[in-house]
Each structure stands twice: as structure tokens, then as C-alpha cells.
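Hi everyone, thanks for coming.

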Amino acid sequence: MTTTTTAPANDVASKPFLAITIKDNGKQQHAPKPPDTTDPSGHAKKHFQFLVSFCAALGGMQSGITLGWTSPILPYFVSKESFLPELTEGQISWISSLLALGAIVGAVPAGTIADRIGRKWAILLTSVPFATCWITLMVTGNVGSIYAARFIGGIGSGAACVLVPVYIGEIAEASIRGALGAFFPLMFSSGIVFAYVAGAYCSYVIFNAACCMILLPFVLGVIFVPESPMWLVQKGRKVQAAQVLSILRGPRYNSAEEMVVLQDDANRIANTSGGFKDLLGTKAGRKAAITCVGLMVFQQLCGIDAVLFYTVSIFQAANSTIDPFLATIIIGLTEVVMTIFVATVIDRFGRKPLLVISGIMMTVCLGVLGYYFMLKDGGSDVSAIGWLPLTSLALFNIVFSIGYGSVPFTVISEIFPPETKGFASSMSIVVHWSLVFAVTKLFPTMEDRMGQAATFWTFACFTITSAGFAYFVLPETKGKTLQEIQKKLERKHKTGPKYSVEPI
């Protein structure tokens, strides 16, 4: 039996030639396509994909705010103006690290929830723990409630880190998927900067109220974004999926070929459980798992979140000649600017070169910073080079942003087989937040027992290793469809022409 469905003429997504014929075996036939199946300029369709990705990535901004919250707030908590009694070192570290434990709890079921209720509504659901976190911080005033708020906020952060990259990867065209994938780390970095600025110049209550208000554009934006076409096909809602593709790709786009690919992926998903066994049961799945877990490990073992959580404290300890709060804001702004730069070049130069450059340059920055603290702790006069901590950390954030800050999230969204993407993305983010917890919890202890110089040199050892990992292990995925990436992972050797820039 064959069912033919034509979208209503008055539907906003309906245009001529949108008739689609769908057979029960998953194959499709369609009416003869028009002479031109794409928009004349090719820009209109991409602009809407950028808008949709931006709205979804506002969840990443909330994650960034929760992560950056401690940098301006911890110095306040230990000051005389604080409403809390004197905090111990252990209490301070728990305030920082409980976010990561909550994120692990949020990341584990996120993929399953998204498969049940859809990507769009799962992303919207993350607003509940975020709102609960900020309201709790505003209305309560004891250490226990702050612990709870940080843990609950972490649940939203962990879920958002899984859901948003997956959603963006599923709605994006191959030619701009890297740029769209950079929206999540861009908004994540923007959230960190917002926390730095608002935390430095607002009172405690107003700061948390402002963080809560930022939820409003996120909620309103996600309500109006379309559902993932991949998820719609999985649920048998093929007509809606075709309409969404018409909206995302442009009114003159012929969705028949892409619908065939999506249906093939949906059939594979239906025949597997999508769990750990399925992920490691194929060569492509094993390679994808090793790649993404490795990227998450090196992203955190470079020490970036120790720097972000304790930026103000690091500058205070360095006796820098620049105001610590101002220096912190500068650090955050450099990360935002460079993430924007990455969004413009990732689909042109590829993932691997950016990661290799990032790993090598982070090693240099951390080595120099460790040398500064060695001189300072050794009793040398470092007043003449008081600018060095800011310069080193600013450059560290720049080179982190161009590679390990942005690219891993893009890779997660595109490298896993469709039948295991939900589980595998959750697994990668669990590794990510587990290491966030470990690094932020142990960083004060490392500084105390090893000294700041040895601590930063330890991170430098991991960053130089990360460059080698990117060069020898990471497969290049620029300009490839999700299906082409899976075929490449299954091959033993790379084949096909190599391009220095994205081919037109």
C-alpha cells in the first residue's frame, strides 16, 4: 500500500512541489522536482537554521552562567560583607563542584527523555532546574540551600550539554553544521561573561535575579523552534518532518532525498536498543566513542574549568597589577570573541587543525604561567611582569576557544551513529562533567600541596598530549553528511581527495 500526502495549501511550510509519496518499506517517491530546488542565493534557508540554532543554544548560556557564577561570588562569600558565616576550604570547594555532580545526574537520562518527548520539549524542560536554582539562591541564605541550588542548576546544565548539540546536529546542513555547532560553546562562553560582569557589579540578590531573567528569551525562543526532522521520522510523522525540512532548508527545497536518508536511519534505530552494546558493537561506534571520550578528557584536563571557577582568586594570588574582577571579565570576553571566530572558520579549515593548534598553544601559555608563579613563590620581584598572568590566561582562553573549547561539542553532534546518538552523547557529557567535578574539587588541594607552578605545569602535560591525540586519532568530518561520516569511520584507511578549504 502506498500513501500520498500533500501539505495543505494554506500551511506556512507548504509550497508547490511539496507532494511526497511514502511507501511502507521506508522508500519514497515524489513528484517531479522543480527546475531549481534551492533558493537562488542560498542564504535565506541558512539564516533560519542559524536563528533556530541560536534559540536552542540559549540553554548553553544558562549552563555558562551556572559555571561562571562561582568566580565573582566566592570572593564575596569569604569577605566581611558576606551573609554566610566563615566558610571552610571544603565548603568552598563543594559550592564549586556540586554543579558538576548535578550535571552528571542531568546528563544520564537526557538522551532517553529526548527520544521519548522530542528534542525541542526536552530542551525546554531544562528551564525548570535552571529556574529552581536561581529562585533558591535568591530566597534562601544558608550553605545547605546554596549546595542544593548548585546541584539542581547542574542538572539543567548537564541535560543542556547533551540535548542542544544533538538537536543542532540533526537540523543542520552538512556545509554549515560546524558553524551551527559552534553556537552552543559561543552561548556557553557568553553566559560565563555575563556571570563575570553581573557578579562583579551587582548585589548578590540582583545578580541571581538577572540570571533568572535570562531564562525568559530562552523559553520563548525554544517554544517556536521546529522539532528535529530525525525525531519526527522516528515517530512516523513523515509529513511533519518534510514540512520542517522545507522550513529549515528553504521553500523551494525538495526534501524527498533527505527523507529517504532519514527513514533509513530511523529503520536502523528501530532495530537496535541504542545502548552500550550497540555503540561498541560496530567499528564506527567504537571509533566515535574513543574520539569523543578522548576529546572530553583533554578538554577538562587542560584545567580550563579550574581557571574559570577560580579566575578572580588566581589573579589575587598572582598579585597582578590589574584589578582581578576586570581581568576576569577580559578573560571571558576573549573566549567569546574567539568562539565567534571559530564559528566562521570551522567549516573551512576543519576540526583537526584547530584542535592541534589549540593543544600546542595551551601548553605554551600554561608553561609561561607556571614559570611566573615559580618566580613569585621563589621570592623574586615580579612587579615588572605583573601583566604576565593576564596575558597568559587571556591567550590561554583564546587558544582554548579556537579548538578544545568549541570543536568537541561539534564532533559529539555529528560523529555518533544515529541509533546510539542519544546514549553516546549522554556518556560523553557524563565524562565531561565528572572531570569538571574532579578538577574543580582538587584544584585548591593541588595548589596547596604542589604549588601553583607545578599545578599549571601538570595541566600543560595534558595539553601537549591533547595535540597528539587530535592529530593521530581524530577523524576529519568537515563538509561531510552524517551518513558519510559513519562510512568514513567504518573504513580502515582514509580515501578520497583532501581539500585545504571547504570545496564549493
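**Rings, confidence and cavities**

Let's start with the rings: there are 19 aromatic pairs in this structure. Here, rings of Phe, Tyr and Trp (its six-membered ring) pair if their centres lie within 6.5 Å; planes under 30 degrees apart are stacked, over 60 edge-to-face, and the rest tilted. One of the pairs is F50 with F183, edge-to-face, at 5.8 Å centre to centre and with 65 degrees between the planes. F50 sits in helix α1 (residues 43–68) and F183 in helix α8 (residues 183–201), so this pair ties together parts 133 residues apart in sequence. Helices are DSSP runs of H or I with at least four residues, strands are runs of E with at least two, and both are numbered from the N terminus.

A word on the ground rules. This is a predicted model, so to speak of local features we need pLDDT of at least 70, and side-chain atom pairs count only at pLDDT 80 or more, while totals for chains, interfaces and linings use all residues. Residues are numbered from 1 along each chain as its sequence is written, and side-chain values use heavy atoms, with hydrogens and water left out.

Back to our pair: is F183 buried or exposed? F183 is buried, at 14% relative accessibility, whereas F50 is partly exposed at 27%. The cut-offs are under 20% relative accessible area for buried and over 50% for exposed, with partly exposed in between (1.4 Å probe, protein chains only). Y471 and F472 also pair edge-to-face, because their ring centres are 4.9 Å apart and their planes at 85 degrees. Both Y471 and F472 are exposed. There is also an aromatic cluster, made up of W69, Y76, F77, F83 and Y204.

How confident is the predictor? On pLDDT, its per-residue confidence from 0 to 100, the protein chain has a mean of 80, and 84% of its residues reach 70 or more. Confidence is lowest in strand β2 (residues 20–23), with a mean of 39, and highest in helix α5 (residues 127–139), at 95.

Finally, the cavities: the structure holds 3 of 30 Å³ or more. A cavity is a set of points, on a 1 Å grid over the protein atoms alone, where a 1.4 Å probe fits but cannot get out; lining residues have an atom within 4 Å of a point. The largest cavity has a volume of about 130 Å³, and among its 18 lining residues F188, E335, F400, G405 and F409 are the closest to its centre. Helix α8 gives the most to that lining, with 4 residues.

Key
pLDDT = per-residue confidence, 0-100. 1 Å grid on protein atoms, 1.4 Å probe; cavity = no way out; pocket = protein on both sides within 12 Å on 5 of 7 lines; lining within 4 Å. Points joined across faces, edges and corners; volume = space filled by probe spheres on them.
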